[in-house]
Amino acid sequence: MNRGFSAEVERVIACTVVCVLLGLMNGYLAVTLIVGGALYMAWMMWQMYRLDAWLKNSRRLQPPDAGGIWGDIFDNITRLQKRQKREKLRLQAVVKRGQETTAALRDGIILLDNKGNIDWFNTAAGQLLKLRQEDQGNPLVNYVRHPRFIKYLEEGDFQEPLDLPSPQSEYVRLQYEITHFGKGESLLLVRDVTRLHNLEQMRKDFVANVSHELRTPLTVIRGYVETLSMSPDLPDSWQRALQQMEQQGLRMTSLINDLLALSKLETADRQLVDKPVDLKPLLERVCNDARAFSADKQHNIVLHCPEGSALLGSELELQSAFSNLVFNAVKYSPAKKDVTINVTQNTLGLQVSVTDQGEGIEEVHLPRLTERFYRVDSSRKSDTGGTGLGLAIVKHVLIRHGGNLEIQSKLGLGSTFTCNFPIQSVAASALSA
């Protein structure tokens, strides 16, 4: 039993015995017991008063001296206060350390509540977005008012970061990345990616400029090669050499055209004109071009496209993407094999798939197929005449139309390339069909 509680019980017993003896001596036992109980209660109330006064001023006063159960109470409260003080100091040190760490980061960190208001931000975030302490509690969109950022917040799809010009300067490029946590709260990471953006822009400009500069001299060279090859007195050895030069010139021209197309896709405004594009006549043109490209190989090109299927976007860009997929299927399929184009639609959107009966691709290569100039040695050979940019062009066209490319392939069983377009990209006529 607790020592203080035992002492208190002994005190109660002693007081009771004294009251009984006094009551027997004066002949008023009941009255004496009542008076003794009242005195004991008054003493208890006094101790409670001392406890209350001490708790109200415990930072300035030492705990009162008391015996019995009250002495244990005062001692236990004192120990709890000391433990709480130590824990408070420890937590303050952790918080201070965390603040020092986040203050040392070059990336901005902003905590948002479930309504999108600013709860807290570090020094870097304040510098990047010009935030002040009094801005806490205000909506973040008051300080980052770009329409694409507002749409980014509203859609809630944070799988990819968002790059935008800084609200303070159009020459500074910021990247926003949001992560959800807790009960609807969000953590926003803000990075200054101006240098990376400028380097990427320099790369794009370099590719575009070099491609433009190469086009004119290459045209001149091809013209002279063609003129020389038409000469009647040309030896056979020269004829073969000029023929190879003409083939390589055509290949270089195709490469330059693809580089220019890819550069245009990368640098063009992401916003497209919402123009309905009827898919059936577009894909029929692609199929006719593919049959001409197939020539002696006589591939069986089959199109399944419901009437009224339509997308919102650029007809030229969509034709470029579908042509690349169908021409690839023809290139890498054996002669007289089927190449099938299927157009389907469901509640999620519209899908255009191109299936071939080629050698197939190992699964390890699938994630890298849309990289520029990436080739699979076992099934994608340079002698097919491709530039290595076709799937990169397809990827960028789909991104501009809000879609994505899905690739399924197995060795010996052919490949299927599926263009997935969201329901927002499907034209109203197709939705009502």
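Reader: What's the strand order in the open sheet of five strands?
Author: In this predicted model, the order is β2-β1-β5-β4-β3, with antiparallel pairing. Strands here are DSSP runs (E, at least two residues), while helices are H or I runs of at least four, numbered from the N terminus. Two strands pair if DSSP finds at least two bridges between them.

Reader: And which are the edge strands?
Author: β2 (118-121) and β3 (162-165), each of which pairs on one side only.

Reader: How many bridges link β4 and β5?
Author: Eight, between β4 (residues 173-181) and β5 (residues 185-192), in the antiparallel sense. Leu174, for instance, has Asp192 in β5 as its bridge partner.

Reader: Which helix packs on the sheet?
Author: Helix α5 (residues 147-155), touching β3, β4 and β5 (contact means heavy atoms within 4.5 Å). Its direction makes about 155° with that of β3; angles run from 0 to 180 degrees between N-to-C directions, and axes are lines fitted to C-alpha atoms, for helices over the stretch in contact.

Reader: Switching topic: how do the axes of α9 and α10 cross?
Author: At roughly 145°, with the axes of α9 (residues 315-331) and α10 (residues 390-400) coming within 9 Å.

Reader: Which residues meet there?
Author: Among them are Leu318, Ala321 and Leu325 in α9, and Leu391, Ile393 and Val394 in α10.

How values were computed
Residues are numbered from 1 along each chain as its sequence is written. This is a predicted model: local features need pLDDT of at least 70, side-chain atom pairs count only at pLDDT 80 or more; totals for chains, interfaces and linings use all residues. Side-chain values use heavy atoms; hydrogens and water are left out.
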